[in-house]
Amino acid sequence: MSHPLVEAMHVTKEFELGGGAFGRVFARRRRRLLAVDDVSLAIHQGETLGLVGESGSGKSTLARLLLRLIRPTDGGVCFDGQDISGLGERALRPLRRGMQIIFQNPYASLNPRQSVRQILSLPLRLHFKMTERERRDRLDELLRQVGLSPDHAGRYPHQLSGGMRQRVAIARALAVRPEFIICDEPVSALDVSIQAQILALLQRLQQEFHLTYLFISHDLAVVRQLADRIAVMQRGKVVEIGSAEQVIDRPQHPYTQMLLASAPELP
Amino acid sequence: MDALLDVQGLKTHFGSGEHAVRAVDGVDLAVQAGEAMGLVGESGCGKSMFARSLMRLLPPNGRVVAGQARFRGEDLLAKSEAEMCALRGSEIALVLQNPLTSLNPTLRVGVQIGEPLVAHGVARSHRGARGRVLELMRAMHLPSPEEHYRQYPHELSGGMRQRAVIAAALACRPSLLICDEPTTALDVAVQAGILELLREIKDRHGAAILLISHDVAVVNHLCERLAVMYAGRLVETGPTRDVLAAPKHPYTQGLLQCVPRLRTRREMVPISGEVPDPAALPTGCKFHPRCPLVEPRCLDSEPPLAPVGEGRLARCILYEQGRSL
């Protein structure tokens, strides 16, 4: 088996609640929330690991830990064999090119005051030395790769449909030629016909660029379509992990069994 | 038997003239007493505006421009505001997606559940309504009614809030419950609980349910019949089991192929393109720009809903008279 591209080793993240004015004055009132509790998992080159769980189970916090957008309270995170849990921003920057994230709501993750051209140019400027001409060509190529046309470059996010906005967010992630992309509920806000378009696009891009995905969703059926393996999170812990067939067809943990029993199905 | 609710040719437009947004553009739909009817469609297809038209709760710039909605034989669209007030919450009740916006954050939960009882004169005061409210809360399987009665909405979980909203909706024993995406904001286990509750309401209390949802699987769970809406009109109706087993309209076929299945992993077959802008609908069949079976005739005129089997209708030239099924 190929070596893990991303690895979490006993990673833990604790948040302090009630950090507002009252929390500071009445220190005793502070409550702690163990958002991610001693999670270990590995994601291998070229695979898709699905991550499912209900809201508040710690899925998104784990995603942010793997990208080192936040620092773990305890435990380690490795990317491509390198421990990144203690690295500072400067040391992380070259690594950031290898890892990207796509969020649920592209309307919130795209700057409304920037055109698609500006949105896609920024990562190119930050990470590559390119001539103006090269950048324009790359931009057209990116738009084509996600099923948009060069005409879309001049548009602003509010002039695009939800599906198109998500395509722009995907193009932005692809711009830096990453190896690893976290998809955090990328289709949850989309209509089912558009959802299928975006899932098909993600599948195609994975094959074309040998991408590694962590695919997060509360929807087991959606995860099933893309994931090679599935991890189930409950209250900060990974309670079950295995091949997609195994987890869906022969769930071992009572929580996974409950999730599967709750999902309404079509004949 | 006459239907409990019989909608004919309902049209709801926003604005006027050439640029009018035709949100609902000629919908015929009947709901029988005690049945659960599902209305399925993607966002912007007009399903919520259809519900709001029936309740006469349209936003100020929207108006019903044509059609009838007979409820127990009387046209809801012809009623005065006072007559509608007497019906809303007593005979017809509405449950919306987000219980936190349906509930008043400054009032205790029990008082809000009792509100329709007091408003419609079933109880003289909130104190008088208390017993019935507690009984309703128990029927909704709220774990500790006495305690929840005194609580405010923010003290309840999302699922409990939706149960409280449904309790209020059922307080006056309505014969029709309209639920607009009642489980969309909820986790899957909580959703299963609410769907179970709706089934109980239908089976035990005999209320008819019009369930509006983007999720075919949710509708399948509860409804005997379903209607598929696209661009302001129905494109297919029929018994849920039959429609899902063998959809007739190309849109329904495409939609069902887009729904990810839990038990199988298969190639995604998306419908190409996007839902049309209701202010600039295509000519002829509204689905033709996305339809894999499009013919030149589809651009000319819109086909009517035509019978395609036992209790089934579909709006497609494939099924117009003279063609074989």
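Guide: Start at Lys11(B), whose bridge partner in strand E4(B) is Ala66(B). Before we go on, this is a predicted model, so local features need pLDDT of at least 70 and side-chain atom pairs count only at pLDDT 80 or more, while totals for chains, interfaces and linings use all residues. Residues are numbered from 1 along each chain as its sequence is written, and chains are lettered from A and ligands numbered from 1 in the order in which they are written. Strands (E, at least two residues) and helices (H or I, at least four) are DSSP runs, numbered from the N terminus. Strands count as paired when DSSP finds at least two bridges between them.

Back to our spot. Strand E1 (residues 5–14) of chain B and strand E4 (residues 62–71) of chain B run antiparallel, joined by eight bridges. They belong to an open sheet of four strands, in the order E2-E1-E4-E5 (chain B), with antiparallel pairing. At its edges are strand E2 (21–31) and strand E5 (74–75) of chain B, each pairing on one side only. Helix H1 (residues 47–55) of chain B packs on this sheet, touching E1, E2 and E4 of chain B, and the direction of H1 makes about 70° with that of E2(B). Contact here means C-beta atoms, placed from the backbone, within 7 Å; angles run from 0 to 180 degrees between N-to-C directions, with axes fitted to C-alpha atoms, for helices over the stretch in contact.

Now for strand E9 (residues 225–230) of chain B. Six of its six residues are buried, so E9(B) is largely enclosed by the rest of the structure. (Buried is 20 or more other C-beta atoms within 10 Å of a residue's own, exposed is 12 or fewer, partly exposed is in between, and C-beta atoms are placed from the backbone.) In a regular strand, side chains alternate between the two faces of the sheet. In E9(B), Arg225(B), Ala227(B) and Met229(B) point one way, while Leu226(B), Val228(B) and Tyr230(B) point the other. Strand E3 (residues 36–40) of chain B pairs with E9(B) in the parallel sense over four bridges, and Leu39(B) stands opposite Ala227(B) there. E9(B) also runs antiparallel to strand E10 (residues 233–239) of chain B, over six bridges, with Met229(B) partnered by Leu234(B) in E10(B). That hairpin has two residues between the strands, and Ala231(B) takes a positive phi near 50°.

E6(B) pairs in the parallel sense with strand E7 (residues 176–180) of chain B over four bridges, and Val95(B) has Cys179(B) of E7(B) as its bridge partner.

There's a helix worth a look too. Helix H4 (residues 109–119) of chain B has buried residues including Val109(B), Ile113(B) and Leu117(B). The cover over them includes helix H5 (126–139), helix H6 (145–150) and helix H7 (158–170) of chain B. Just after H4(B), Gly121(B) takes a positive phi of about 75°.

Stepping across to the partner chain: 28 residues of chain B are in contact with 28 residues of chain A. On the chain B side, helix H8 (188–205), helix H9 (216–222), helix H10 (240–245) and helix H11 (250–258) each supply at least two residues. By class, that side has 17 nonpolar, six polar and five charged residues, with Ala, Val, Leu, Ile, Met, Phe, Trp, Tyr, Cys and Pro taken as nonpolar, Asp, Glu, Lys and Arg as charged, and the others, Gly among them, as polar.

Last stop, chain A. Six strands make an open sheet there in the order E6-E7-E8-E3-E9-E10 (chain A), with mixed pairing. Strand E6 (99–102) and strand E10 (237–243) of chain A are at the edges with a single partner strand each, so one side of each has no neighbour in the sheet. On average, neighbouring strands of this sheet are turned by 15° against each other, direction ignored. Strand E9 (residues 229–234) of chain A runs antiparallel to E10(A) over six bridges, and Val232(A) has Glu240(A) as its bridge partner in E10(A).

Terms used: Two residues are in contact if their C-beta atoms, placed from the backbone, lie within 7 Å.
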